[in-house]
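Here are a few notes to read with the structure open beside you. Take them one at a time and find each residue as you go.

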Amino acid sequence: MLSKIGYSFLFLLIFCGQLVAQNDTTTDEVDTSMVVVKDTTKKKRERINVLAPSKAAFYSAVLPGLGQAYNKKYWKIPIVYAAIGIPAYLYIKNDKDYNLYRDAYKRRLAGFPQGSLGDPFPNVTDDGLIRAQQQLRRNKELALLITIGVYALQIIDANVDAHLLQFNVDEDLSVRPHFRYNEMEHNTNLGLTVNFKF
């Protein structure tokens with residue numbers, strides 16, 4: 001919520017901007033002492049390395065995070081290893097638990113009763129062991145899919161990042177806003193100018 005002082009300041013700012021934009025252009029004489037000469041020397045552009053994106057993708061495929069290092073985005077490397085390592089750890093843990101429940105169920109099928117000596121799950125029924133195996137198998141497969149998905153995503157990230165590093169942002173390609181005073185209609189024109197220099 002703006003107060004009266006805030007509104008007054010905003011109005012004054014807009015009004016002063018209009019006055020500055022409407023400088024006196026009615027004189028027909030041109031002051032030659034104020035002529036600005038544009039520098040015509042061009043900067044030499046860096047060559048675009050067409051193979052950089054494929055190299056970054058290849059490096060990421062060989063060793064996760066290496067493509068990010070090739071692109072000099074070192075801060076992404078810990079994120080890549082955490083994103084791959086956590087689901088890989090969950091896959092290993094679920095696989096161990098699955099084998100433990102499967103061995104307990106096989107032991108019961110071999111004739112050892114529930115709660116006998118050496119039974120790791122004396123309070124779990126046979127149906128509970130089967131349901132636990134099914135759940136752990138699903139968790140294991142999901143963790144594997146996530147690991148593979150993140151591995152593929154980090155390869156794509158390295159490739160796209162290498163493409164974006166070569167994106168042309170020099171002065172030859174520019175979009176600039178312009179603010180001009182129209183003398184015929186005594187008002188201002190706002191717009192965008194797109195410049196292409198070859």
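1. Let's begin with a pair to look up: which residue forms a salt bridge with Arg-108? The partner is Asp-119, and their closest N and O atoms are 2.9 Å apart. This pair links distant parts of the chain, since Arg-108 sits in helix α4 while Asp-119 belongs to the loop between α4 and α5, eleven residues apart. Please keep in mind, here and below, that this is a predicted model.

2. Are the two partners buried or exposed? Arg-108 is buried, because its relative accessible area is 10% and buried means under 20%. Asp-119 is buried for a like reason, with a relative accessible area of 11%.

3. Now go to the other end of the numbering of helix α4, which covers residues 76-109. Lys-76 forms a salt bridge with Asp-157, with 3.1 Å between the closest N and O atoms. Here, too, distant parts of the chain are linked: Lys-76 is in helix α4 and Asp-157 is in helix α5 (residues 126-165), 81 residues apart. Asp-161 joins in as well, as Lys-76, Asp-157 and Asp-161 are linked in a network of salt bridges.

4. Lys-76 counts as buried because its relative accessibility is 15%, under the 20% cut-off. Asp-157 counts as partly exposed because its relative accessibility is 27%, which lies between the 20% and 50% limits.

5. Lys-93 counts as partly exposed, at 39% relative accessibility, and so does Asp-97, at 24%.

6. How many salt bridges does the model have? The count comes to seven.

7. Which residues make the nonpolar surface patch of about 490 Å²? They are Phe-58, Val-62, Leu-63, Leu-66 and Tyr-81. Of these, Tyr-81 has its place in helix α4. Tyr-81 is partly exposed, with a relative accessible area of 41%, so it passes the patch requirement of over 30%.

Definitions and conventions:
Residues numbered from 1 in each chain as written. Predicted model: local features only at pLDDT ≥ 70, side-chain atom pairs only at ≥ 80, totals over all residues. Heavy atoms only, no water. Patch = residues over 30% accessible without salt bridge, like charges linked within 9 Å, V, L, I, M, F, W, Y side chains within 5 Å. Areas by Shrake-Rupley, 256 points an atom, 1.4 Å probe, with all protein chains shown as cover. Salt bridge = Lys/Arg side-chain N within 4 Å of Asp/Glu carboxyl O. Helix = DSSP H or I, 4+ residues; strand = E, 2+ residues; numbered from the N terminus. Buried < 20%, exposed > 50% of the residue type's maximum accessible area, 1.4 Å probe, protein only.
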